[in-house]
Amino acid sequence: MLTAVGIVANDQTFPVAYAIVEQENTRTWTRFLQHLIIDIKIENEPGWTIISDKQKGLENAIQELLPSMEHTHYARHLHNNFKNAGFPGQVLHDKMWNLARASYVGRFNSLMEELKKEYSQAFTWLSHPDRNPCHGHTLWFPPSVTF
C-alpha cells in the first residue's frame, strides 16, 4: 500500500491518499505521485516538503516529477541506521537527535564540529550526503506531504 499523509501546523497527521499496488517500485510511485499532483494541485516549488523513509522507487519518482521540492527523510529511520552501523548508546543517540533538531545552519555546523572532535567515525558516517541528519528537519518547511 502506498500512502501520503499530510502534517498540519499542530503536528498532527491526516490521510491524503493511498493506493493498493502489486509492487513498490519507481513505476507505481510515479503513477501515485502523478495522481496526487493533480488531485491536490501540488506545484513543483520549494514551498512544499516531502518527508519519506526511502521507499523503493520513491526517490526516483520524486526526482522525475518534483525536482524543485524539498525532500527530507525521517530522523527516526536515520537514527536506527546509525545504531545499526555501530553507533549505539545514549550519548550518540542524543548527539544525533540534537543534530536533527538544530533549527539553523550555524547550530547544526557547531554540533557537527563537536561530533567530529569527539566521535570522528560517527561524524564521517553522518556526513555522507544520503545520511546527513539535516534531512530530519520536518517542522520548518510546511506544508508537507509524508510518504
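Which residue just after helix 3 takes a positive phi? In this predicted model, the residue is Gly-86, whose phi is about 105 degrees.

## Overall make-up

The protein contains six helices and five strands, and from the N terminus on these elements follow the order β-β-α-β-α-β-α-α-α-α-β. Of its 147 residues, 37% are buried.

## Helix 3 and its buried side

Helix 3 spans residues 75-84, and Ala-75, Leu-78, His-79 and Phe-82 are buried in it. These residues cover an arc of only 100 degrees around the axis, which puts them on the same side of helix 3. As a general point, an α-helix has 3.6 residues a turn, so residues three or four places apart point the same way. The cover over the buried residues of helix 3 includes strand 4 (70-73), helix 4 and helix 6 (120-127).

## Helix 3 against helix 4

Two packed helices are described by the angle between their axes and the distance between the axes. For helix 3 and helix 4, the axes come within 11 Å and cross at roughly 150 degrees; angles over 145 degrees count as roughly antiparallel, and the two helices are therefore roughly antiparallel to each other. Their crossing is right-handed.

On the helix 3 side, the contact is made by Ala-75, Arg-76, Leu-78, His-79 and Phe-82, while helix 4 contributes Leu-92, His-93, Met-96, Trp-97 and Ala-100. Divided by class, the residues of this contact are seven nonpolar, two polar and one charged. Ala-75, Leu-78, His-79 and Phe-82, named here as contact residues, are also the residues listed as buried in helix 3.

## Helix 4 against helix 5

Helix 4 (residues 90-101) also packs with helix 5 (residues 105-118), and here the axes come within 9 Å and cross at roughly 155 degrees. Helix 4 and helix 5 are therefore roughly antiparallel to each other, and their crossing is left-handed, whereas that of helix 3 and helix 4 is right-handed.

The contact is made by Leu-92, Lys-95, Asn-98 and Leu-99 of helix 4, together with Phe-108, Leu-111, Met-112, Glu-114, Leu-115 and Glu-118 of helix 5. By class, six of these residues are nonpolar, one is polar and three are charged. Leu-92 takes part in this contact and also in the contact of helix 4 with helix 3.

## Helix 5 against helix 6

Helix 5 and helix 6 have their axes 5 Å apart and pack at an angle of about 135 degrees, which makes helix 5 oblique to helix 6. Met-112, Leu-115, Lys-116 and Glu-118 of helix 5 make this contact with Ser-120, Ala-122, Phe-123, Leu-126 and Ser-127 of helix 6, and by class the contact has five nonpolar, two polar and two charged residues.

The C-alpha atoms of Glu-113 and Phe-123 are separated by 8.3 Å, the two residues being 10 residues apart along the chain.

Apart from its neighbours within four places in sequence, Thr-30 is in contact with Ala-61, Glu-64 and Leu-65.

Lys-41 lies in the loop between helix 1 and strand 3 (49-52) and is exposed, with a relative accessible area of 62%. Most residues other than glycine have a negative phi, yet Lys-41 has a positive phi of about 55 degrees although it is not a glycine.

Lys-56 has its place in the loop between strand 3 and helix 2 (58-65) and, at 63% relative accessibility, counts as exposed. Leaving aside neighbours within four places in sequence, Lys-56 is in contact with Glu-24, Asn-25 and Trp-29. Computed along the sequence, Lys-56 and Trp-29 are 27 residues apart, while from C-alpha to C-alpha they are 8.6 Å apart in space.

Methods: Residues numbered from 1 in each chain as written. Predicted model: local features only at pLDDT ≥ 70, side-chain atom pairs only at ≥ 80, totals over all residues. Heavy atoms only, no water. Axes fitted to C-alpha atoms, helices over the stretch in contact; angles between N-to-C directions. Helix = DSSP H or I, 4+ residues; strand = E, 2+ residues; numbered from the N terminus. Parallel < 35°, antiparallel > 145°, perpendicular 65-115°, else oblique. Left-handed = near helix turned anticlockwise from the far one by under 90°. Contact = heavy atoms within 4.5 Å. Nonpolar A, V, L, I, M, F, W, Y, C, P; charged D, E, K, R; others polar. Buried < 20%, exposed > 50% of the residue type's maximum accessible area, 1.4 Å probe, protein only. Arc of directions from axis to C-beta.
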